[in-house]
Amino acid sequence: RFYPKEPLDLAQAFSDKVEQYKLVISPAQVQGHFLVHKDDPSTAIENISAIADFCTLGQLQQLFKQFFPDESSSVADDFGKRVAASKLAITQTQVRRYLMKHEGQPLVAMEKFRTLPDY
């Protein structure tokens with residue numbers, strides 16, 4: 001509908017990106033994204049992260065502290081810094097799922113953070 005003259009390969013590329021990032025997005029979010037990039041479908045694909053709610057360093061630290069309130073702020077800071085430095089493209093939803101799985105196990109959550117994209 002937005003790019004009727006473009007090949008279906010672009011639609012598949014967009015879909016692949018959504019799956020790669022394990023995004024949960026609404027049709028309205030997709031429509032808004034396409035409107036922003038109405039003249040350039042390739043840019044819409046490249047900038048898929050604009051739809052996602054990727055975590056910032058502060059959000060990573062805050063989520064860790066939320067799930068592990070007995071841990072010191074320095075541990076939460078370290079978690080956030082490790083994840084941010086790894087350049088993983090992860091959403092807040094993925095972080096919440098990951099931390100819920102490791103509830104009561106902050107050290108395990110710290111050690112296995114590279115599996116975050118799987119959540």
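1. A pocket, as the word is used here, is an open set of grid points where a 1.4 Å probe fits, with protein on both sides within 12 Å along at least five of seven lines; its lining residues have an atom within 4 Å of a point. The model to which this is applied is a predicted one.

2. The largest pocket has a computed volume of about 260 Å³. Its lining consists of 14 residues. Nearest the centre of this pocket lie Arg1, Tyr3, Leu10, Ala11 and Phe34.

3. Which helices each supply at least two residues of that lining? They are helix H1, residues 8-20, and helix H3, residues 41-46. H1 provides the largest share, with four residues.

4. Twelve of its residues are nonpolar and two are charged, while no polar residue is present.

5. Turning to helix packing, helix H4 (residues 57-67) and helix H5 (residues 73-85) have axes 8 Å apart and pack at an angle of about 135 degrees. H4 is therefore oblique to H5. The two helices cross in a right-handed sense.

6. On the H4 side, the contact with H5 is made by Leu57, Leu60, Gln61, Phe64 and Lys65. H5 contributes Ser73, Val75, Ala76, Asp77, Phe79, Gly80, Lys81, Val83 and Ala84. Sorted by class, the residues of this contact are eight nonpolar, three polar and three charged.

7. H4 also packs with helix H6 (residues 92-101): their axes come within 10 Å and cross at roughly 30 degrees. Angles under 35 degrees count as roughly parallel, and H4 and H6 are therefore described in that way. The crossing of H4 with H6 is right-handed.

8. What residues of H4 meet H6? They are Gln59, Leu60, Leu63, Phe64 and Phe67, and their partners in H6 are Gln92, Val95, Arg96, Leu99 and Met100. Seven residues of the contact of H4 with H6 are nonpolar, two are polar and one is charged.

Conventions: Residues are numbered from 1 along each chain as its sequence is written. This is a predicted model: local features need pLDDT of at least 70, side-chain atom pairs count only at pLDDT 80 or more; totals for chains, interfaces and linings use all residues. Side-chain values use heavy atoms; hydrogens and water are left out. Axes are lines fitted to C-alpha atoms, for helices over the stretch in contact, and angles run from 0 to 180 degrees between N-to-C directions. Angles under 35 degrees count as roughly parallel, over 145 as roughly antiparallel, 65 to 115 as roughly perpendicular and the rest as oblique. A crossing is left-handed if the near helix is turned anticlockwise from the far one by less than a right angle, and right-handed if clockwise. Contact means heavy atoms within 4.5 Å. Ala, Val, Leu, Ile, Met, Phe, Trp, Tyr, Cys and Pro count as nonpolar, Asp, Glu, Lys and Arg as charged, and the others, Gly among them, as polar. On a 1 Å grid over the protein atoms alone, a cavity is a set of points where a 1.4 Å probe fits but cannot get out, and a pocket is an open set with protein on both sides within 12 Å along at least five of seven lines; lining residues have an atom within 4 Å of a point. Grid points are joined across faces, edges and corners, and a volume is the space filled by probe spheres set on the points.
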